[in-house]
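Work through the following exercises with the sequence and the model at hand. Each task is followed by a stepwise solution.

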Amino acid sequence: MAAPASGGGSAVSVLAPNGRRHTVKVTPSTVLLQVLEDTCQRQDFNPSEYDLKFQRSVLDLSLQWRFANLPNNAKLEMVPASRSRVGPENTVRIALQLDDGSRLQDTFCSGQTLWELLSRFPQTRTGTRWCATLTWRSCSRPGPKSCLTSSSR
């Protein structure tokens with residue numbers, strides 16, 4: 001079992017499925033997936049098979065510690081993952097709306113970068129080449145606070 005984190009930094013305690021606790025020292029920029037991976041490495045578990053749970057909520061492992069709304073010395077629990085985070089089944093459908101009203105859509109793996117995504121769109125457009133200028137703007141509709149928009153040239 002790991003020793004508790006020392007000093008004035010934040011720490012989190014993770015209960016593994018084998019009943020052992022592991023204390024992980026975290027910084028504000030520590031991603032929750034790193035906490036899970038560190039615990040799984042110490043306890044010999046596969047991190048792709050587990051999620052982290054705080055009280056009754058399964059946590060978003062892509063969040064940094066500062067955005068997770070967790071208290072210092074939070075007690076987390078490893079639970080079986082409800083869905084896999086790896087593999088070809090993790091695909092997302094992306095649509096790019098152009099100024100002329102046309103819409104380009106394609107399916108991508110969730111691990112692809114924004115550059116890979118954008119470089120694939122010209123190949124899906126038949127007959128014409130286009131160049132997209134991407135900008136961030138505020139959305140007037142409910143949901144995310146910003147949207148990715150494009151303009152074609």
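pLDDT is the predictor's confidence in each residue, from 0 to 100. Helices (H or I, at least four residues) and strands (E, at least two) are DSSP runs, numbered from the N terminus. This is a predicted model, in which local features need pLDDT of at least 70 and side-chain atom pairs count only at pLDDT 80 or more, while totals for chains, interfaces and linings use all residues. Residues are numbered from 1 along each chain as its sequence is written, and side-chain values use heavy atoms, with hydrogens and water left out.

**Exercise 1. Find where confidence in the chain is lowest and where it is highest.**

Step 1. The chain has an average pLDDT of 76, and 69% of the residues score at least 70.
Step 2. Confidence is lowest in strand β9 (residues 146–152), with a mean of 43, and highest in β5, with 94.
Step 3. Residues 124–153 stay under 50, and the model gives them 50 contacts (heavy atoms within 4.5 Å) beyond four places in sequence.
Step 4. Where pLDDT is low, the predicted coordinates should not be read in detail.

**Exercise 2. Determine which strands pair with β5 and in which direction they run.**

Step 1. Two strands pair if DSSP finds at least two bridges between them.
Step 2. β1 and β5 run parallel, joined by 4 bridges; here V14 has L76 in β5 as its bridge partner.
Step 3. β3 and β5 run antiparallel, joined by 5 bridges. Opposite K53 stands E77 in β5.

**Exercise 3. Describe the largest nonpolar core and name the residues that touch the most other members.**

Step 1. A nonpolar core is a set of buried Ala, Val, Leu, Ile, Met, Phe, Trp, Tyr and Cys residues joined through side-chain atoms within 4.5 Å. Buried means under 20% relative accessible area, exposed over 50%, and partly exposed in between (1.4 Å probe, protein chains only).
Step 2. The largest core has 20 residues, of which V12, L52, L70, L76 and M78 touch the most other members.
Step 3. Two or more residues each come from β1 (10–15), β2 (21–26), α1 (32–43), β3 (50–54) and β5 (74–80). The largest share, 4 residues, is that of α1.
Step 4. Leaving out residues up to four places away in sequence, L76 touches, among others, V12, V14, L52, F54, L59 and L70.

**Exercise 4. Classify the aromatic pair by its geometry.**

Step 1. Ring centres of Phe, Tyr and Trp (its six-membered ring) must lie within 6.5 Å; planes under 30 degrees apart count as stacked, over 60 as edge-to-face and the rest as tilted.
Step 2. The structure holds 1 aromatic pair. F45 and Y50 form it, at 5.5 Å centre to centre with 75 degrees between the planes, and it is edge-to-face.
Step 3. F45 counts as partly exposed because its relative accessibility is 22%, whereas Y50, at 13%, counts as buried.
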